[in-house]
Every structure is written in C-alpha cells, then in structure tokens.
Amino acid sequence: MPISVKTGFQGAALAFRASLTGTLFLILAAIITVYIVLGVLYESYIHPMTILSTLPSAGVGALLALMISGNDLGIIGIIGIILLIGIVKKNAIMMIDFALDAERKEGKPPREAIYQACLLRFRPIMMTTMAAILGALPLMIGTGVGSELRHPLGITMVGGLF
C-alpha cells in the first residue's frame with residue numbers, strides 16, 4: 001500500500017462514530033437527572049446516592065459480559081445498559097422506599113428498617129431480576145436472521161443483572 005493512501009470513515013460510518021462520542025455524556029446526564037428527581041421525591045441528598053450506588057456494579061457486569069463474549073459496545077449494547085439502569089434502579093427504590101416507610105411509620109432505627117426491607121423485598125426483587133434475565137436469555141443465545149444484532153442487548157442485560 002502506498003504511503004499516500006489515507007483511510008478514514010465516510011458517510012454513515014462517520015455519522016455513527018460521531019453519534020457514539022456523545023453517549024457517555026448522555027448516560028451521565030440521565031444519571032444526574034435521575035438523581036435530581038429522586039432528590040425531590042425523597043427530599044434528601046443521601047437517599048438518591050444510595051439508590052444510584054447500585055448502578056456501577058451492574059454497569060461493570062454488563063461491560064465484563066460484553067468483553068468476555070467478545071462483543072463491542074455498540075448502540076444496541078448501550079440500549080441494554082439503559083434498560084439495565086432502569087431495572088436496577090427500580091430494585092433499589094423498592095428497598096429504600098420500604099425502609100423509609102418503616103422508619104417513619106413504625107419508628108424503627110435505620111439499620112433495622114433496611115434489614116426488614118431486605119427480608120421483605122428480597123423475593124419481589126429476585127422475581128423481577130430473574131424474569132428480566134430469563135427474558136434476555138433468548139436474545140443472548142438466539143440464532144437466526146438478525147440475531148447478531150440482538151446478542152449485545154441480551155449479553156448486557158444478563159451480565160449486568162447477574
């Protein structure tokens with residue numbers, strides 16, 4: 001190949017590459033928005049942080065699953081991470097909301113309230129998580145026409161929830 005030949009992205013590939021550069025900013029903006037909404041809802045600075053503290057482990061699990069499977073983080077994988085953020089955040093809200101309710105209505109100390117919330121909300125959280133994992137398994141292991149497009153979605157959801 002002569003030295004004068006230059007390669008670069010053009011057309012749709014260039015537009016796709018440009019759209020992926022703002023993805024991290026988009027996810028961070030979504031997390032900040034969720035923090036603000038939860039802060040207004042709970043009238044607290046710390047409870048939204050408690051809820052959002054569940055997101056990094058799920059994100060790391062999704063990215064590790066993509067790396068282990070040899071898939072790239074494309075637009076479908078990012079959609080899977082956004083779905084994962086919603087599921088994990090909902091599970092944390094169920095626990096925190098129940099614990100705050102036990103603190104306010106029953107006068108329990110925070111440690112006892114969250115312990116009771118863990119005991120009583122474990123089954124619904126596991127049911128939601130297992131339903132999502134089992135719903136994503138066909139996407140992850142499916143074959144057929146177009147299955148290569150759906151694989152990253154299933155892998156990010158199963159890896160993140162696991």
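The largest pocket of this structure holds about 410 Å³ of space. The model is a predicted one, in which local features need pLDDT of at least 70 and side-chain atom pairs count only at pLDDT 80 or more, while totals for chains, interfaces and linings use all residues. Residues are numbered from 1 along each chain as its sequence is written, and side-chain values use heavy atoms, with hydrogens and water left out. Helices are DSSP runs (H or I, at least four residues), numbered from the N terminus.

**The largest pocket**

- A pocket is an open set of points on a 1 Å grid over the protein atoms alone, where a 1.4 Å probe fits and protein lies on both sides within 12 Å along at least five of seven lines; a lining residue has an atom within 4 Å of a point.
- A volume is the space filled by probe spheres set on the points, which are joined across faces, edges and corners.
- The lining of the largest pocket consists of 17 residues, and Leu24, Ile27, Ile31, Gly59 and Ile81 lie nearest the centre.
- Helices α2 (23–42), α4 (55–69) and α5 each supply at least two residues of this lining, and α4 gives the most, with six residues.
- By type, the lining of the largest pocket divides into 15 nonpolar residues, two polar and no charged. Here Ala, Val, Leu, Ile, Met, Phe, Trp, Tyr, Cys and Pro count as nonpolar, Asp, Glu, Lys and Arg as charged, and the others, Gly among them, as polar.

**The second largest pocket**

- The second largest pocket has a volume of about 230 Å³.
- It is lined by 14 residues, with Thr54, Val88, Asn91, Ala92 and Ile125 nearest its centre.
- Two or more lining residues come from each of α3 (46–52), α4, α5, α6 (110–141) and α7 (147–161). The largest share, five residues, belongs to α5.
- The lining of the second largest pocket comprises eight nonpolar residues, six polar and no charged.

**The nonpolar surface patch**

- Phe16, Ile75, Ile79 and Leu83 make a nonpolar surface patch of about 340 Å².
- Such a patch joins nonpolar side chains (Val, Leu, Ile, Met, Phe, Trp, Tyr) within 5 Å, taken from residues with over 30% relative accessible area and no salt bridge. Accessible areas come from the Shrake-Rupley method with a 1.4 Å probe, and for residues only the protein chains shown count as cover.
- Helix α5 (residues 75–106) gives the most to the patch, with three residues.
- Isoleucine 75 lies in helix α5 and is partly exposed, with a relative accessible area of 42%. The classes are buried (under 20% relative accessible area), exposed (over 50%) and partly exposed in between, with a 1.4 Å probe and protein chains only.

**Salt bridges**

- The structure holds two salt bridges, each being a side-chain nitrogen of Lys or Arg within 4 Å of a carboxyl oxygen of Asp or Glu.
- One of them joins aspartate 101 to lysine 105, with the closest N and O atoms 3.5 Å apart. These two residues are separated by about one helical turn, because they are four residues apart in helix α5.
- Aspartate 101 is partly exposed at 35% relative accessible area, whereas lysine 105 is exposed at 66%.
- In another salt bridge, the side chains of lysine 108 and glutamate 106 meet at 3.3 Å, N to O.

**Individual residues and distances**

- Glutamate 43 is found in the loop between α2 and α3. Its phi is near 50 degrees, a positive value in a residue other than glycine, and glutamate 43 counts as exposed at 73% relative accessibility.
- Methionine 1 lies in the segment before α1 (11–21) and counts as exposed at 87% relative accessibility. Methionine 1 and aspartate 97 are 96 residues apart in sequence, and their C-alpha atoms are 63 Å apart in space.
- Valine 34 lies in helix α2 and is partly exposed, with a relative accessible area of 22%. The C-alpha atoms of valine 34 and leucine 52 are separated by 8.5 Å, with the two residues 18 residues apart along the chain.

Methods
Patch = residues over 30% accessible without salt bridge, like charges linked within 9 Å, V, L, I, M, F, W, Y side chains within 5 Å.
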